[in-house]
Amino acid sequence: MAPNMRTGSDSQSCQVPVSLLQALKKHKYHLVGNHSAVKKCKWLHESLVHGRTCYKEKFYGIRSHRCLQMSPSAFYCTQQCLFCWRAQSGDMKIAWNETKLPKWESAESVVDGSLKAQERILSGYNGNESADLRKLREALAPRHVAISLTGEPTLYEHLGELIAAFHKRAFTTFLVTNGTNPSKLAELSEEPTQLYVSLCAPNREVYSRVCRPQLKDAWVKLNETLGLLPSFRCPTVIRTTLVKGLNMENTKEYARLIDKAKPTYVEAKAYMHVGFSSLRLSFDHMPSHGEVCDFASRLAEEIGYRILDESSDSRVVLLSRLEKAIRFDAA
Ligand code: SF4
Ligand code: SF4
């Protein structure tokens, strides 16, 4: 074994460079077991300390201070999107094989480890006089999980069990996938509360340039996933991360793809110049909220959806055929 590599729990496990683990820790990722991670969302902090909440609280009633942001597949993905905030192989001259998968740990151990990591994160607010005490007490019993932090979650073998394990603990679950693994989605033993599929290109050519797929036929697989979406009972979302100058044209082509998926919602959202994406894109690639609104209006017209809501803080616009969004307000 190379001295700077760590293995998983068996000799076949994918090796993750120690320098990557160090970089992730520096970026405040809490590693869970051999392949999962939790990270404090900036909106959890904003909610606790400044009373400002994320757009999913505004749109869907998800309470930012009770949200746990995690990934069961922190080091592995089938794409290398330019706009991604995660560390990718090749960033900072650290290379590993993102598609060579490890021996996966059980869903229960990933959930338990994630809850402990969230507790550690929240313990940082003990004695913080700026934190809202009532919210802090509630935050210690999280009720929502965003399975979306980094990496492609459908690569995790026990994804259905993971969702079920969170549901058993009374969580709502939002799952975000890049759509390159339709067979895994088709066989999910438990649906999430809401399912997101990222669609960040109107055609194969832009997809190859912006999402940099690591699989053969990834575009075909993504299209297969779009075709699967109408079979889900849960609300579905097509999420488009908009990068100025790269993928904000061709709303007609986007519309044709979205029509296959017939999603409950479309979220058109600006790329944010944060995390490791700043190694690949510049600040000028972030569209303004006005530019996102303009794209969303053109798209809404093409697909016959209405503009339901928007958040200028996150530069996101919500489209739907519904008159109002389905909410999951709990405590
Ligand atoms: S729902 Fe998303 S944006 Fe809102 S607090 Fe959770 S991770 Fe952050
Ligand atoms: S699919 Fe998601 S995790 Fe993978 S590179 Fe793209 S944005 Fe990052």
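Let's start with the shell around ligand 2: its residues split into four nonpolar, five polar and one charged. For those classes, Ala, Val, Leu, Ile, Met, Phe, Trp, Tyr, Cys and Pro are nonpolar, Asp, Glu, Lys and Arg are charged, and the others, Gly among them, are polar. Who's in that shell? Cys77, Gln79, Gln80, Cys81, Phe83, Cys84, Arg86, Gln88, Gly151 and Asn178 surround ligand 2, each with a heavy atom within 4 Å of it.

Now, ligand 1. Around that one we find Cys41, Trp43, Cys54, Lys56, Ile62, Ser64, Cys67, Gln69 and Ala146. That shell comes out as six nonpolar, two polar and one charged.

Some ground rules. This is a predicted model, where local features need pLDDT of at least 70 and side-chain atom pairs count only at pLDDT 80 or more, while totals for chains, interfaces and linings use all residues. Residues are numbered from 1 along each chain as its sequence is written, chains are lettered from A and ligands numbered from 1 in the order in which they are written, and side-chain values use heavy atoms, leaving out hydrogens and water.

How confident is the predictor? On pLDDT, its per-residue confidence from 0 to 100, the protein averages 93, and 95% of its residues reach 70 or more. Residues 7-13 stay under 50, with 14 contacts beyond four places in sequence; a contact means heavy atoms within 4.5 Å.

Last topic: aromatic rings. Phe, Tyr and Trp rings (six-membered for Trp) pair if their centres lie within 6.5 Å, and planes under 30 degrees apart are stacked, over 60 edge-to-face, the rest tilted. That gives twelve aromatic pairs. One of them is Phe59 with Tyr60, edge-to-face at 5.8 Å centre to centre and 90 degrees between the planes. Phe174 and Phe328 are also edge-to-face, at 5.9 Å and 80 degrees.

Key: pLDDT = per-residue confidence, 0-100.
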